[in-house]
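This report covers a predicted model, taken from overall chain properties down to a single helix. The sequence and structure come first.

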Amino acid sequence: MKHSFIRDTLVVAKNTFKESVRDKVFYALFAFAFITITFTLFLGSISLSEDVHVIRSLGMAGIYLFSILITVFLGTALMYKEIERRTLYFILSKPVTHAQVVVGKFLGLFASVALSTLGMTAVYLATVLYAGGGFDRLALLAVFFEILELGLLIALSIFFSTFAKPLAGAVYAILVIYIGHSLGMLAAVSEKSGVLAHRFIQVLYYLLPNLEKFNIRDLVLYNQAPSLSATLAVVLYAAVYATILLCGGTLLLKRREF
Amino acid sequence: MIEIDSLHKQIDGRTIVSNLSLSIQKGSVFGFLGPNGAGKTTTMKILVGLNHPSSGRVTIDGHAPSETLTREKLGFMPEAPYFYEHLTGLEFLRFCGELFARPRGEAAYEALLRKVGIFEAKDQRITTYSKGMKQRLGFAQALVNDPEYVFLDEPLDGLDPIGRRALKSMIRELKHDGRTVFFNSHILFDTEELCDEIGILNRGSLLFAGPLGEFTRGLSLEEQFVATIEQLEVTA
């Protein structure tokens with residue numbers, strides 16, 4: 001069998017997947033998400049004639065919140081743990097490149113985060129069905145967009161974890177998530193700001209990921225869906241942004257002394 | 001053959017290894033000795049491709065360790081290894097084996113675990129392993145590709161006398177099979193038993209490289225080593 005970029009990357013990915021789905025943080029957050037999503041059933045039942053709407057709204061928000069938490073907690077520690085615990089020595093002393101390690105780690109964590117998100121979605125769909133809302137087909141589209149955002153955020157977390165400690169990486173990631181969801185508002189504010197503030201906000205606008213592109217939850221709540229071309233543009237945006245971050249992470253890892 | 005030519009390594013402006021030149025013949029057991037902080041581990045990390053020289057050249061069979069194909073024939077056991085604790089011993093060995101072009105398969109991995117004496121624990125999570133068991137697993141993963149060159153960083157640390165004897169016997173077996181073994185060690189008594197040649201590094205500079213007997217001159221390795229280092233400290 002010969003080496004190929006994909007084969008070796010998948011070996012690293014498989015190992016990362018196994019490690020992350022066996023992590024206590026993963027189980028704890030998943031269990032908490034499960035409880036929260038089913039709890040929406042109770043909240044729905046006490047809201048007057050809006051039960052399905054409340055369940056859908058809170059359920060989708062819950063899936064998003066817990067997926068983000070799993071991503072940030074596991075992602076920002078991923079490379080740092082490998083470097084600090086020196087498990088990376090085992091990998092990099094074998095015929096594997098830095099890029100394969102970074103991409104493999106990304107794919108492994110992406111698979112486990114996507115799996116947990118789909119697990120939460122299954123609980124959500126069952127909850128909506130039980131509450132009489134039928135099969136929430138559009139929620140699957142919202143979750144698909146969310147998974148794209150999670151992919152971008154995993155790449156971002158891995159990028160941070162090549163140089164920052166997990167706590168610092170988590171803070172950076174949460175800041176980017178917050179700002180990334182507020183870029184539209186910031187752009188509007190910048191129109192009324194002075195030249196310097198306007199320039200600064202413009203730099204942020206073009207540098208940071210515009211995460212609102214992935215938020216179609218409100219649209220879906222009102223039974224609307226984005227067009228195919230808009231969906232493809234978002235897929236491309238996520239892929240390009242994540243690729244740039246993974247290239248950056250690879251370069252930083254290559255420059256590190258062990 | 002391992003060749004180190006005028007190797008110089010600086011980290012954060014500090015010289016770790018200075019003008020190191022060495023040749024290690026294929027099939028020999030080479031002990032790399034020196035006090036703490038001498039630069040042994042840094043040299044080994046360069047030899048296995050983890051770090052790069054600041055200047056100078058390191059080659060294994062004529063190729064740089066930074067080339068992935070060179071690393072195909074290397075095995076490396078880091079000092080006091082940490083592991084993926086959620087994996088079992090067998091899963092970890094399988095993972096390491098699959099990173100090579102020709103994974104040797106389940107039977108070979110199990111045979112390796114049997115050889116290092118942790119077969120019974122193969123399906124246990126590594127987190128439940130004792131320090132000695134982890135050391136044995138670290139040794140097993142260094143042999144997972146049946147390497148031509150084996151680099152061991154303090155391989156005898158953390159092992160009980162029985163574990164030490166077993167590991168030394170495996171190192172002898174590697175030599176018997178024509179493998180080249182390069183190891184760092186503080187345990188000079190064991191080094192003396194195993195090595196054909198030694199290299200002594202102090203503060204990044206090579207003090208001696210050659211056959212063991214040429215260095216010891218009738219004394220024990222430990223006596224001669226301590227005397228040499230102490231003499232240097234006095235003259236420094």
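## Chain A

Of the 258 residues in chain A, 42% are buried (a residue is buried if 20 or more other C-beta atoms, placed from the backbone, lie within 10 Å of its own; exposed if 12 or fewer; partly exposed in between). The secondary structure of chain A consists of 11 helices and 0 strands, where helices (H or I, at least four residues) and strands (E, at least two) are DSSP runs numbered from the N terminus. The radius of gyration of chain A, taken over C-alpha atoms, is 20 Å, close to the 18 Å from the globule rule (2.2 Å times the number of residues to the power 0.38), so chain A is as compact as a globular protein of that length.

Along the principal axes, the C-alpha atoms of chain A fill a box of roughly 60 × 50 × 35 Å. Contacts are counted where C-beta atoms, placed from the backbone, lie within 7 Å. Among those in chain A between residues at least 6 apart in sequence, 81% join residues at least 24 apart.

## Model and confidence

This is a predicted model, in which local features need pLDDT of at least 70 and side-chain atom pairs count only at pLDDT 80 or more, while totals for chains, interfaces and linings use all residues. Residues are numbered from 1 along each chain as its sequence is written, and chains are lettered from A and ligands numbered from 1 in the order in which they are written.

Chain B averages a pLDDT (the predictor's confidence in each residue, from 0 to 100) of 91, and 100% of its residues score at least 70. For the complex, the predictor gives an ipTM of 0.90 and a pTM of 0.90.

## Domains of chain B

Chain B is assigned domain 1 (1-73 + 149-236) and domain 2 (79-146), with bounds from an automatic or database domain assignment. Their centres, over C-alpha atoms, are 24 Å apart. In domain 1 of chain B, 15 residues are in contact with 13 residues of domain 2 of chain B. On the domain 1 side, β6 (149-153) and α6 (161-176) of chain B each supply at least two residues; the largest share, 4 residues, comes from α6(B).

## Helix α4 of chain B

Helix α4 (residues 106-115) of chain B has B:Tyr109, B:Leu112 and B:Leu113 buried. These residues cover an arc of only 100° around the axis (by the directions from the helix axis to the C-beta atoms), which puts them on the same side of α4(B). The buried residues of α4(B) pack against α3 (89-98) and α5 (131-142) of chain B. After α4(B) comes B:Gly117, with a positive phi near 85°.

Methods. Contact = placed C-beta atoms within 7 Å.
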